[in-house]
Amino acid sequence: MKIDLDDVIVACATKISKQAISIVRLSGDDSIKIVNKILKKDLELKNKFQLRKIYDKNNLIDESLILTFIGNKSFTGQTVVEINCHGGILLTNKIISLLIENGARLAKPGEFSQRAYLNGKINLLQAEGINNLIESKNELSLKINALNLEGSSNKKILDLKEKIIDLISKIQTSIDYPDYDDIEGASIQEIKISLKKIENIIFKTIEISKRINTINHGIKTLILGETNVGKSSLLNSLLNDEKAIVTDIEGTTRDIVEGTINFENFTLDLIDSAGIRETNDIVEKIGVKKTISLINNSELIFFIINYDKINMELYDLIKEKKHIVVLNKVETLSTSQINEVEKKFKDIVKISALTNNIEELLTKIEKDFNDSELLENDLPMLTNLYHIEQFKEIFNLIRISLENLEAGFSSELINIELYEILKIINNLLGIFDADDEVIDNIFRKYCLGK
């Protein structure tokens with residue numbers, strides 16, 4: 001599928017709704033020519049705001065402030081026109097329709113960013129930063145994605161690329177000029193040292209990026225426990241909303257109930273599960289089965305217990321995963337009863353979901369998942385699972401190179417892996433010969449108008 005950059009594309013860059021201002025954006029070399037067709041006074045070919053009246057034939061429909069970007073001075077690298085019209089569903093759609101009638105076509109989701117990439121204004125890492133910035137759920141996610149959009153990770157990956165090129169050059173020089181045995185950094189031992197340093201950078205980048213990915217997409221958090229221990233009450237307290245039905249009847253929650261809570265530096269995607277117990281109820285059995293399957297897919301588990309409901313068999317299923325043991329209904333317990341429960345676990349948090357006393361749990365969560373120090377690291381921050389997988393492939397190639405050197409293979413063989421690593425890094429930076437369909441697919445996850 002051919003990507004056509006000659007078309008003038010149009011879309012609303014803001015939500016189409018009843019509001020003060022809507023922004024209708026066009027991109028393409030003939031953008032100004034098309035917009036002029038719905039104006040009485042032509043736009044000047046300058047980068048500036050221009051006040052103009054918009055007409056449907058001879059009927060005035062709006063007076064708008066129009067911002068023009070000429071040539072490659074815009075985000076997309078093409079002439080861009082942004083019409084700041086009065087907000088309103090009918091008016092905004094009317095202006096878009098007029099522009100389409102006069103030669104523009106409706107943009108596909110992400111097509112403006114796609115053009116910016118194809119015209120060399122951004123690379124794929126920055127493009128991913130744009131999408132993640134739009135989708136940010138918390139303050140830390142916002143800051144990390146803003147850094148990526150600015151190009152912070154690009155510079156760090158370019159530094160890594162320089163290290164790879166330098167190593168390839170040294171090896172290649174020693175191959176081409178075997179009589180020179182004093183090339184600095186080209187001995188087998190020196191190559192090993194260089195590879196291990198790069199391996200360490202790649203490993204740390206992968207680990208940090210996994211954490212960042214969790215920050216961006218939320219921590220999958222399962223609320224787990226027997227029936228009637230207060231799982232739904234805890235969900236409601238965390239969300240400050242009566243989302244789950246709460247009764248004294250065991251088995252009330254028969255299916256999965258979900259919610260999201262945004263902290264300053266991370267987000268929890270909460271799942272209130274069906275209580276675990278033996279039951280003859282067909283619907284409840286399905287809920288219990290779903291709960292068991294969710295354990296493996298969860299990144300954090302709140303294991304809810306009461307003084308008289310501590311299912312150690314269930315705890316054995318989750319004790320190796322990241323979890324917090326939560327003793328609920330402490331308002332009904334004596335100090336000796338609480339001490340008795342605490343002896344069974346290494347660490348425990350005490351709450352009363354019924355009275356909304358969950359401060360100890362909130363404090364524990366904040367302490368365990370505040371990753372604000374990530375902003376201070378000097379490594380690339382990959383915010384896309386595909387990019388992380390690419391770094392894992394780099395890590396594997398370095399491992400292969402080190403194993404080959406240990407096995408006594410020549411450095412010439414190592415350059416095969418190094419060239420493959422260089423190709424992967426170039427792909428991350430958007431330097432690759434992908435077909436149009438691949439490029440087209442990358443940007444379709446974006447919202448319309450971006």
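Is E44 buried or exposed, or does this residue count as partly exposed? At 32% relative accessibility, E44 counts as partly exposed, where buried means under 20% relative accessible area, exposed means over 50%, and partly exposed lies in between (1.4 Å probe, protein chains only). The model examined here is predicted, so local features need pLDDT of at least 70 and side-chain atom pairs count only at pLDDT 80 or more, while totals for chains, interfaces and linings use all residues. Residues are numbered from 1 along each chain as its sequence is written, and side-chain values use heavy atoms, with hydrogens and water left out.

The structure holds 16 salt bridges, a salt bridge being a side-chain nitrogen of Lys or Arg within 4 Å of a carboxyl oxygen of Asp or Glu. Side chains of opposite charge can pair when their charged atoms come close. One of the salt bridges joins E44 to K48 (3.4 Å, N to O); K48 is partly exposed, at 30% relative accessibility. Another joins E111 to R105 (2.6 Å, N to O). In that pair, E111 is buried at 4% relative accessibility, whereas R105 is partly exposed at 23%. D7 is linked with R105 and E111 in a network of salt bridges. K319 and D316 also meet through their side chains (3.5 Å, N to O); K319 is partly exposed at 39% relative accessibility, and D316 is partly exposed at 44%.

An open sheet of six strands has the order β3-β4-β5-β2-β1-β6, with mixed pairing. Because β3 (48-56) and β6 (105-106) stand at the edges, each with a single partner strand, one side of each is left without a neighbour in the sheet. Strands are DSSP runs (E, at least two residues), numbered from the N terminus, and two strands pair if DSSP finds at least two bridges between them. Strands β1 and β2 (residues 21-27) pair in the antiparallel sense over four bridges, and A11 stands opposite R25 in β2. Strands β3 and β4 likewise run antiparallel, joined by nine bridges. The hairpin of β3 and β4 has two residues between the strands, and K57 takes a positive phi near 60° there.

L51 has L65 in β4 as its bridge partner. Together with F49, L51 and L65 form a nonpolar patch on the surface, with about 290 Å² of accessible area together. Accessible areas come from the Shrake-Rupley method with a 1.4 Å probe; for residues, only the protein chains shown count as cover. Patches are made of residues with over 30% relative accessible area and no salt bridge, like charges being joined within 9 Å and nonpolar side chains (Val, Leu, Ile, Met, Phe, Trp, Tyr) within 5 Å. F49 lies in strand β3 and is partly exposed, at 49% relative accessibility.

Strand β10 (residues 300-305) is mostly covered, six of its six residues being buried. L300, F302 and I304 are buried on one side of β10, and I301, F303 and I305 are buried on the other. Strand β7 (residues 219-225) pairs with β10 in the parallel sense over five bridges, with L222 opposite I301. Strand β11 (residues 323-327) also pairs with β10 in the parallel sense over five bridges, and V325 in β11 is the bridge partner of F303.

In the loop between β4 (59-69) and β5 (80-86) lies K73, which is exposed, with a relative accessible area of 60%. K73 and K121 are 48 residues apart in sequence and 9.8 Å apart in space, C-alpha to C-alpha.
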